[in-house]
Amino acid sequence: MIFYFTGTGNSLAAARAIAAEGEQIINITEAAEKGAYTYEVKKGESVGFVYPEYCGSVCRPLVDFIARLTLKNAKYVYAVITCAGGKAMSAGYLAHLLAEREIPLSVWFPVLMPNNCLIYFPTQDDDKAAEILRESEAQLAQIKAELGKKALRDPGKWRKAAFFQNVVKMMGATKLFRVTDKCTGCGKCAKNCPDKAIQMHGNRPVWVKKRCAKCTACINRCPAQAIEHGRGSAQRHRYVHPDLK
Ligand SMILES: Cc1cc2nc3c(=O)[nH]c(=O)nc-3n(C[C@H](O)[C@H](O)[C@H](O)COP(=O)(O)O)c2cc1C
Ligand code: SF4
Ligand code: SF4
C-alpha cells in the first residue's frame, strides 16, 4: 500500500515506479475528500509514503493526512521523498508525525527530481528535466530493490524540519498569485488544485483561501501559462511530469 501526494506528478511517478504489481496506490487528497483515514495492512505487506519535500519539511497535505491516519498492523513502513536538491531533510519529522499515530518509519530515501518550485527558484528547461527524470528512474529501481530486501535507515532528528513547517505555512499565502489576460477560462487550475483553493468566478480563477499547500499545480499546469506568482515566475519555465501532461 502506497500513499502519495503530488502537485506536478513527480511523486506519483515515483510511487508507480516502486509499486509492486497490483499494489494499491492511494492519492491522499482523494482519500481525505472521502474521509478514508483507516487502513488495515495485510501480513507481510509494506506501507509507503511518497511525497515532495517542501522547505526542508513534509508537505502540509501529508502532515494533515497523517494527523488523522490509523494504520492497523503496519510493520515495515518507508518514505520516498522527491526533491529538487537531492538531499531530503524531512524524514525525521515524518517519523515523528507517524510515531504520534503509533506507526513506525523503517527506512527512507530521497530522490532527485526536477524542480517544480518556480514560485521561488529557477526551474530546469525540458532537456535538463528529462535528463534528471532518466537518472531518477535508475535511482527508483535501486530503491525498489532495497525495499525488497527490507532495508532499514534511521530517520534522524526531527526538530529542524518541524521548525521549517512554519516556513511551509508562511509561504502558503495565496495573495501572490495573479491571472493574466492569457487565461482562456478553461477551469483546469480549479480542477487540479488539491486544496480546493481556487474557484471559477465568471470564467476567471479566484483564490478563495488565504493559504494553500503551494503545490504549484495551478501555475505549472495552466495550459495557457496565464498564472504568475510574485515577481519571479514570468521568466521561469513551467514544469509538469510527462505522465500528467
Ligand atoms: C513550495 C515548494 C517548496 C519546495 N522545497 C523544496 C526543498 O526544500 N528542497 C528540495 O529539494 N526541493 C523542494 N521543492 C521541490 C519539490 O520537492 C520537487 O520538485 C518535487 O519532486 C515535486 O514533486 P511533485 O511533482 O510530486 O509535486 C519544493 C517545491 C515546492 C513547490
Ligand atoms: S488553467 Fe489557466 S487558462 Fe485555465 S482557467 Fe486557470 S488560469 Fe485560466
Ligand atoms: S492554489 Fe495552486 S499552489 Fe495552491 S494548492 Fe491549489 S494548485 Fe496548489
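Visitor: Where does glycine 232 lie?
Guide: In this predicted model, glycine 232 is in the segment that follows strand E12 (227-229).

Visitor: And how exposed is glycine 232?
Guide: Glycine 232 counts as partly exposed because its relative accessible area is 24%, and that class runs between 20% and 50%.

Visitor: What's the C-alpha separation between glycine 232 and phenylalanine 121?
Guide: Their C-alpha atoms are 8.1 Å apart, although 111 residues separate the two along the chain.

Visitor: Okay, switching to ligand 1. Which residues come nearest?
Guide: There are 23 residues around ligand 1, and the nearest of them are Thr6, Thr8, Ser11, Glu53 and Gly85.

Visitor: What polar backbone atom does an oxygen of ligand 1 have 2.8 Å away?
Guide: That one belongs to glutamate 53. An oxygen atom of ligand 1 also has a backbone N or O atom of glycine 9 at 3.2 Å.

Visitor: How much of ligand 1's accessible area does the protein cover?
Guide: On its own, ligand 1 has 650 Å² of accessible area, and the protein covers 92% of that. The space ligand 1 takes up is the largest pocket.

Visitor: Which helix and strands each supply at least two residues of the shell?
Guide: Helix H1 (10-18), strand E4 (46-54) and strand E7 (76-83). E4 gives the largest share, with three residues.

Visitor: What's the shell like by class?
Guide: Around ligand 1 you get twelve polar, nine nonpolar and two charged residues.

How values were computed
Residues numbered from 1 in each chain as written. Chains lettered and ligands numbered in written order. Predicted model: local features only at pLDDT ≥ 70, side-chain atom pairs only at ≥ 80, totals over all residues. Heavy atoms only, no water. Near = heavy atom within 4 Å. Polar contact = N/O pair within 3.5 Å; in protein donor to acceptor, adjacent residues only side chain to side chain. Areas by Shrake-Rupley, 256 points an atom, 1.4 Å probe, with all protein chains shown as cover. 1 Å grid on protein atoms, 1.4 Å probe; cavity = no way out; pocket = protein on both sides within 12 Å on 5 of 7 lines; lining within 4 Å. Sits in = over half its atoms within 2 Å of the grid points. Helix = DSSP H or I, 4+ residues; strand = E, 2+ residues; numbered from the N terminus. Nonpolar A, V, L, I, M, F, W, Y, C, P; charged D, E, K, R; others polar. Buried < 20%, exposed > 50% of the residue type's maximum accessible area, 1.4 Å probe, protein only.
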